[in-house]
Amino acid sequence: MSRSILKIFLAVLLVFFVLTPFFAFADDNDGKARINDYDPQDPRVPEMVEPCGENGIPVIYLTIDPDDFEEVWQSGEHTYRAPGQIRITVPDGYTSEYGAALVPDTGDLDLEYIRGRGNSTWKGAKRPFRLKLDKKADLLGMGTNKH
């Protein structure tokens, strides 16, 4: 009798640990927007007026149509590509780890596209993207390249 109860207990325990990850985070009520549920209209998504102000590191500004970015965000196979612009501002006195002297402001550079990249990493909290410029440029002292 106790052996069959033990078997049932172990079966229930196994089912609990197998199915719990699918339901445990289905409803996140902590009041914060989750990164995988990106919605630019969500009032919980903070709007940044001046990101990274005076922290002494370069700031990268991307200008992309919100509807196009939503398509990039939802494209699980990373097939959707959105055009846009990129600008990098470098604070005075910043030294690159590549040893090059950096231009304080790149100005607006046209992006041929931005798209998602990675498979398992795409499902994480910080999604990776691939950027391709229209023309070659030296960004942050890494050498002239389009990517």
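1. **Basis of the model.** This is a predicted model, in which local features need pLDDT of at least 70 and side-chain atom pairs count only at pLDDT 80 or more, while totals for chains, interfaces and linings use all residues. Residues are numbered from 1 along each chain as its sequence is written, and side-chain values use heavy atoms, with hydrogens and water left out.

2. **Overall layout.** The protein has two helices and six strands, where helices (H or I, at least four residues) and strands (E, at least two) are DSSP runs numbered from the N terminus. Read from the N terminus on, the elements follow the order α-β-α-β-β-β-β-β. Of the 147 residues, 21% count as buried; buried means under 20% relative accessible area, exposed means over 50%, and partly exposed lies in between, with a 1.4 Å probe and protein chains only.

3. **The sheet.** Four strands form an open sheet in the order β1-β2-β3-β4, with antiparallel pairing, and two strands pair if DSSP finds at least two bridges between them. Because β1 (59-63) and β4 (129-133) stand at the edges with a single partner strand each, one side of each is left without a neighbour in the sheet. Direction ignored, neighbouring strands of this sheet are turned by 40° against each other on average, the axes being lines fitted to C-alpha atoms, for helices over the stretch in contact, and angles running from 0 to 180 degrees between N-to-C directions.

4. **Strand β2 and its partners.** Strand β2 (residues 82-89) runs antiparallel to β1 and is joined to it by five bridges; Leu 62 stands opposite Ile 86, and Val 59 stands opposite Thr 89. Four bridges join β2 to β3, again antiparallel. The covered face of β2 holds Ala 82, Gly 84, Ile 86 and Ile 88, whereas Pro 83, Gln 85, Arg 87 and Thr 89 belong to the uncovered one.

5. **Nonpolar cores.** In soluble globular proteins, nonpolar side chains tend to be buried together. A nonpolar core is a set of buried Ala, Val, Leu, Ile, Met, Phe, Trp, Tyr and Cys residues joined through side-chain atoms within 4.5 Å. The largest one has eight residues in all, namely Ile 86, Ile 88, Val 90, Leu 102, Leu 111, Leu 133, Ala 137 and Leu 139. Apart from it lies another core of six residues, among them Val 72, Trp 73, Ala 82 and Ile 114.

6. **Leu 109.** Leu 109, found in strand β3, is partly exposed, with a relative accessible area of 22%. Leaving aside neighbours within four places in sequence, Leu 109 is in contact (heavy atoms within 4.5 Å) with Gly 84, Gln 85, Ile 86, Leu 133, Ala 137 and Leu 139.

7. Arg 115, in strand β3 (residues 109-116), is buried yet has no salt bridge, and the nearest side chain of opposite charge, Glu 112, is 9.6 Å away. A salt bridge is a side-chain nitrogen of Lys or Arg within 4 Å of a carboxyl oxygen of Asp or Glu; Lys and Arg count as positive and Asp and Glu as negative, while His and the chain ends are not counted. Beyond its neighbours within four places in sequence, Arg 115 has contacts including Val 72, His 78 and Tyr 80. His 78 lies in the loop between α2 (66-74) and β2 and is buried, with a relative accessible area of 11%. The phi of His 78 is near 60°, a positive value in a residue other than glycine.
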